[in-house]
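Please read the following account with the sequence and the model side by side.

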Amino acid sequence: MFWLNKEEEQNRKDAAKRIASAKKTIALTGAGISVASNIMPFRGKGGLWEKYDPEEVAEINSFLKNPAKSWAFLKEMQKVVEKARPNPAHISLAKMEELGYLASIITQNVDGLHQEAGNKVVIEFHGNTRRLVCLECRKLYPSEDISLDALPPYCPSCGGLLKPDVVLFGEPIPGAALMQARLEVQQCEVMLIVGTSGLVEPAASLPSAAKRNGAFIVEINPERTVLTATVANIFLQGRAEEILPLLADELSAIKEG
Ligand code: OAD
């Protein structure tokens with residue numbers, strides 16, 4: 001056990017050194033980083049997709065066919081997200097940005113918790129549940145401005161169907177987010193991957209694209225993933241809310257010299 005802890009500590013120190021000496025470090029985050037904020041992940045034990053069928057509630061054609069049914073699920077998700085607050089993992093990434101060691105975050109999460117923690121450069125790859133979009137006139141609304149008492153909700157200005165401004169299965173990634181993410185991936189020297197199963201495309205391909213461009217990959221996850229053996233140079237096994245504060249402390253110590 002002692003040796004295992006020593007090895008973990010050494011891996012963390014090595015990761016911190018890589019980050020501190022890189023010209024640009026970026027992070028790719030997934031549902032695992034928000035688990036400690038009481039937002040359940042999609043896959044694995046206790047995941048949302050154990051309870052709901054994503055094809056039925058989170059796919060664009062199902063949404064269009066039966067918006068009230070999808071909305072019942074999406075409303076639940078919105079209520080959970082509204083109550084959630086950033087946890088030590090989000091706060092540590094904000095601290096890393098403040099120290100000058102993290103250029104941006106590409107997140108698959110739709111909870112807005114990175115921004116709430118203080119990160120300034122956050123690329124929302126799958127949108128944000130705190131906004132609604134009209135499928136007719138494309139107008140955006142803060143979610144708190146629209147009542148969800150009657151489902152589905154309709155656009156107050158044109159009467160079109162409203163949808164959370166999130167990417168459902170079968171929908172494309174927002175063009176600006178995709179372009180910005182690709183640029184970040186091209187430029188980064190280190191990519192930190194936190195709390196993602198690495199199974200949903202095109203986000204799942206960003207780590208291998210970074211690696212092909214020569215980036216060093218650090219993965220944080222309690223479980224091994226498809227990315228662990230294929231792209232990760234360092235795998236820090238554990239919960240993001242426990243490992244990221246330690247990594248941020250290492251970086252503070254390096255900064256102070
Ligand atoms: P998943 O639910 O697929 O994976 C969550 C990952 O977080 C798993 O690898 C867990 O092992 C890990 N995990 C669990 N607890 C953790 C903790 N405390 N700290 C760190 N990691 C932890 O979530 P994503 O990979 O984000 O897409 O899923 C990607 C996309 O699939 C989502 O954005 C969503 C979903 O369907 C859309 O809605 C389009």
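The paragraphs below take these topics in turn.

The model is predicted, so local features need pLDDT of at least 70 and side-chain atom pairs count only at pLDDT 80 or more, while totals for chains, interfaces and linings use all residues. Residues are numbered from 1 along each chain as its sequence is written, and side-chain values use heavy atoms, with hydrogens and water left out.

Side chains of opposite charge can pair when their charged atoms come close. A salt bridge here is a side-chain nitrogen of Lys or Arg within 4 Å of a carboxyl oxygen of Asp or Glu. By that criterion the whole structure holds 13 salt bridges. One of them joins the side chains of lysine 23 and glutamate 189, at 3.8 Å from N to O. Lysine 23 sits in the loop between helix 1 (2-21) and strand 1 (25-29), and glutamate 189 in the loop between helix 8 (175-187) and strand 7 (190-194), so the pair ties together parts 166 residues apart in sequence. Helices (H or I, at least four residues) and strands (E, at least two) are DSSP runs, numbered from the N terminus. Lysine 23 is exposed, at 76% relative accessibility, whereas glutamate 189 is partly exposed, at 32%. In these terms, buried means under 20% relative accessible area, exposed means over 50%, and partly exposed lies in between (1.4 Å probe, protein chains only).

A second salt bridge links glutamate 56 and lysine 69, whose closest N and O atoms are 2.8 Å apart. Glutamate 56 belongs to helix 3 (residues 54-57) and lysine 69 to helix 5 (residues 67-83), so this pair ties together parts that are 13 residues apart in sequence. Both partners are partly exposed: glutamate 56 has a relative accessible area of 38%, and lysine 69 has a relative accessibility of 41%.

Arginine 131 and glutamate 124 also meet through their side chains in a salt bridge, at 3.2 Å from N to O. Here arginine 131 is partly exposed, at 27%, and glutamate 124 is buried, at 15%. Elsewhere, salt bridges link Arg85, Glu116 and Arg130 in a network.

Serine 37, in the loop between strand 1 and helix 2 (48-51), is buried at 6% relative accessibility. Leaving aside residues up to four places away in sequence, serine 37 touches Ala84, Arg85, Pro86, Asn87, His90 and Leu113, where contact means heavy atoms within 4.5 Å.

Asparagine 128 is in strand 4 (residues 127-134) and is buried at 5% relative accessibility.

The ligand is surrounded by 23 residues, the closest being Phe42, Arg43, Thr196, Ser197 and Asn221; a residue counts if one of its heavy atoms lies within 4 Å. A polar side-chain atom of glutamate 241 is 3.0 Å from a ligand nitrogen atom. The protein covers 91% of the 800 Å² of accessible area that the ligand has on its own, by the Shrake-Rupley method with a 1.4 Å probe.

Key:
A polar contact is a pair of N or O atoms within 3.5 Å; within protein, one must be able to donate a hydrogen and the other to accept it, and residues adjacent in sequence count only if both atoms are side-chain atoms.
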